[in-house]
Amino acid sequence: MIEHIVLVRARDGREAELDAALDEFVTEIIELDTVREISAGPNFNEGGAARGWTHGMRVLLTEREALPGYWDHPSHVRLAETLDEVCRDRFAIDYERTE
C-alpha cells in the first residue's frame, strides 16, 4: 500500500473554494479501483496552522504502480489545476506503508 499525503496553504479568502474542490475530488477519485481510502479537510492543528498549512489530504493506494493512473486521472488533473489557482504552496509525500 502507498500513502500519499498532501499539505496545502490556501490563499487568503480562497479556503471555501479549496474545501469545495477537495470535496468534489474525494467523491470522484474514490471510484478509482486503486484508491482504498481517502480523506481531506481543513487543518485545525495549531502548530501547522501557524505555519500557514490550511488543509491536508491522505490517500491510500493499492501499490506504487497505481500512482501514474491516479496522477493522470481527470479528477486529479482538475484538482491540481485548482490548487495552482487557490493555493500559495503545497507539497506531497509518498511512502510505502508496511502492514
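Q: What order do the strands of the open sheet have?
A: Keep in mind that this is a predicted model. The open sheet has 4 strands in the order S2-S3-S1-S4. Their pairing is antiparallel.

Q: Which strands stand at the edges?
A: Strand S2 (35-42) and S4 do. Each has a single partner strand, so one side of each is left without a neighbour in the sheet.

Q: And how many bridges do S1 and S3 pair over?
A: They pair over 7 bridges, in the antiparallel sense. Look at Val 8: it stands opposite His 55 in S3.

Q: Which strands does H1 touch?
A: H1 packs on the sheet and touches S1, S2, S3 and S4. Its direction makes about 170 degrees with that of S2.

Q: What about H4? Which strands does it touch?
A: H4 also packs on the sheet, touching S1, S3 and S4. The direction of H4 makes about 140 degrees with that of S4.

Q: At what angle do H1 and H4 pack?
A: About 170 degrees, with their axes 10 Å apart. H1 and H4 are therefore roughly antiparallel to each other.

Q: Which residues meet there?
A: Among them are Leu 18, Leu 22 and Phe 25 in H1, and Leu 79 and Leu 83 in H4. By class, the contact has 8 nonpolar, 3 polar and 4 charged residues.

Q: New topic. How much space lies in the largest pocket?
A: About 180 Å³.

Q: What lines it, and which residues lie nearest its centre?
A: The lining has 16 residues, and Val 6, Met 57, His 76, Leu 83 and Arg 90 lie nearest the centre. The lining divides into 11 nonpolar, 4 polar and 1 charged.

Notes:
Residues numbered from 1 in each chain as written. Predicted model: local features only at pLDDT ≥ 70, side-chain atom pairs only at ≥ 80, totals over all residues. Heavy atoms only, no water. Axes fitted to C-alpha atoms, helices over the stretch in contact; angles between N-to-C directions. Helix = DSSP H or I, 4+ residues; strand = E, 2+ residues; numbered from the N terminus. Parallel < 35°, antiparallel > 145°, perpendicular 65-115°, else oblique. Contact = heavy atoms within 4.5 Å. Nonpolar A, V, L, I, M, F, W, Y, C, P; charged D, E, K, R; others polar. 1 Å grid on protein atoms, 1.4 Å probe; cavity = no way out; pocket = protein on both sides within 12 Å on 5 of 7 lines; lining within 4 Å. Points joined across faces, edges and corners; volume = space filled by probe spheres on them. Pairing = 2+ DSSP bridges.
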